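Please keep the sequence and the model at hand while reading.

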Amino acid sequence: MEKDMEVWKEEFQKRIQEKKPWHTWALSVDKEPPPHTLLPGCSQYQQCAFARFQCSLCSRHWASAQVCVLFHIHWSQQERKGQVQMSIFGQKCRKCPRAPFEVPEFTGENISRVLNNLVSYILKRCYREGFHSELPTIVEIPLEGPHDSVNCEACAQGICAKSRTGLSKTDNDEFSQYGSHTSLTSLFHSAQMPTQINLDPKVCGLLVCCLFIIIVVIIILALTVWS
Ligand SMILES: [Zn+2]
Ligand SMILES: [Zn+2]
């Protein structure tokens, strides 16, 4: 996790320095959730990203496109100084009753996308430059099913984009269809298993009976013709 955080910090520095080399910006990772009320000069920017999880108790894997990443941004124009506090919200394993909130794992490409969106937001919000566009993170595996709010840390705190219908700052409505915590292993299994047709045992018995009667009738007919 610590190593991952260094990646976020370094990548953010690279991007913001490219755009604003004479200004000081810093990104820190917040263990505590950000305050609900915003102080003057602060703004909040939220994204829903794709990430993978692993349960620390049963080692089960799953993925979600509804991983909440929240940025609390403070910008002082006078000092030309900006501070971004990042909070990443975890998810719990749905199979383990006492599972903790696990930390999501993002790919390098998805970290890049989230940070590009953040820098675009900062330029628009703090410098009134350009227009804010958002590139969604790459959903690496097909996900199905609704968002598992019960096991989502952001939902528990009432700040998940999914639970704040209408208040979301992101326009990523298309994520809602991918917002699931589908198990990776179950997905792989369903991909490898041939389609099975489940027949009722009663129907099977009836079919066997019919087949038997038809065969007997054919034999009787054949014997009658021969004789
Ligand atoms: Zn588990
Ligand atoms: Zn949620």
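The sections below describe the fold, the core, the metal sites, the salt bridges and the surface.

## Basis of the report

This is a predicted model, in which local features need pLDDT of at least 70, side-chain atom pairs count only at pLDDT 80 or more, and totals for chains, interfaces and linings use all residues. Residues are numbered from 1 along each chain as its sequence is written, chains are lettered from A and ligands numbered from 1 in the order in which they are written, and side-chain values use heavy atoms, with hydrogens and water left out.

## Overall fold

The chain contains five helices and four strands; these are DSSP runs, numbered from the N terminus, with helices (H or I) of at least four residues and strands (E) of at least two. Along the sequence, the elements follow the pattern α-β-β-β-β-α-α-α-α.

Of the 227 residues in the chain, 40% are buried. Here buried means under 20% relative accessible area, exposed means over 50%, and partly exposed covers the values in between, with a 1.4 Å probe and protein chains only.

## The nonpolar core

In soluble globular proteins, nonpolar side chains tend to be buried together. A nonpolar core is defined here as a set of buried Ala, Val, Leu, Ile, Met, Phe, Trp, Tyr and Cys residues joined through side-chain atoms within 4.5 Å. The largest such core has 34 residues, and Trp8, Phe12, Trp25, Phe71, Ile73, Leu118 and Ile122 have the most contacts inside it. At least two residues of this core come from each of helix H1 (2–19), strand S1 (24–29), strand S2 (42–54), strand S3 (61–76), strand S4 (81–88) and helix H2 (108–127). H2 supplies the largest share, 10 residues.

The loop between H2 and helix H3 (153–156) holds Ile138. This residue is partly exposed, with a relative accessible area of 34%. Ile138 and Phe50 are 88 residues apart in sequence, yet their C-alpha atoms are 6.6 Å apart in space.

## Two zinc sites

Which residues coordinate the zinc ion (ligand 1)? Its donors are Cys55, Cys58, Cys93 and Cys96, each through SG, at 2.2 to 2.4 Å. Donors are N, O and S atoms within 2.8 Å of the metal (3.2 Å for Na, K and Ca); water is not among the atoms, so sites may look incomplete. The donor residues of ligand 1 are spaced C-x2-C-x34-C-x2-C in sequence. The site is tetrahedral, with angles of 106 to 113 degrees among the four donor atoms; four donors count as tetrahedral if all angles lie between 85 and 135 degrees. Ideal angles for four tetrahedral donors are 109.5 degrees. Cys55 is buried at 2% relative accessible area, whereas Cys58 is partly exposed at 36%.

The zinc ion (ligand 2) has His147 (NE2), Cys152 (SG), Cys155 (SG) and Cys160 (SG) as its protein donors, at 2.0 to 2.3 Å. Along the chain, these donors follow the spacing H-x4-C-x2-C-x4-C. The arrangement is tetrahedral because the four donor atoms subtend angles of 104 to 118 degrees. His147 and Cys155 are both buried.

## Salt bridges

The structure holds seven salt bridges, a salt bridge being a side-chain nitrogen of Lys or Arg within 4 Å of a carboxyl oxygen of Asp or Glu. Glu109 is partly exposed, with a relative accessible area of 40%.

Salt bridges that share partners also join Glu11, Lys14 and Arg15 into one network. Lys14 pairs with Glu11, their closest N and O atoms being 3.1 Å apart, and the two lie three residues apart in helix H1. Arg15 meets Glu11 at 2.7 Å, N to O. Because Arg15 and Glu11 are four residues apart in helix H1, about one helical turn separates them. Both Arg15 and Glu11 are buried, and Glu11 has a relative accessibility of 18%.

## A nonpolar surface patch

Phe212, Ile213, Val216, Val217, Ile220 and Leu221 form a nonpolar patch on the surface, with about 570 Å² of accessible area together. Patches consist of residues with over 30% relative accessible area and no salt bridge, where like charges are joined within 9 Å and nonpolar side chains (Val, Leu, Ile, Met, Phe, Trp, Tyr) within 5 Å. Accessible areas come from the Shrake-Rupley method with a 1.4 Å probe; for residues, only the protein chains shown count as cover.

Within this patch, Ile213 belongs to helix H5 (residues 201–226). Ile213 is exposed, with a relative accessible area of 51%.

Conventions
Tetrahedral: all angles 85-135°; square planar, octahedral: opposite > 155°, others 65-115°.
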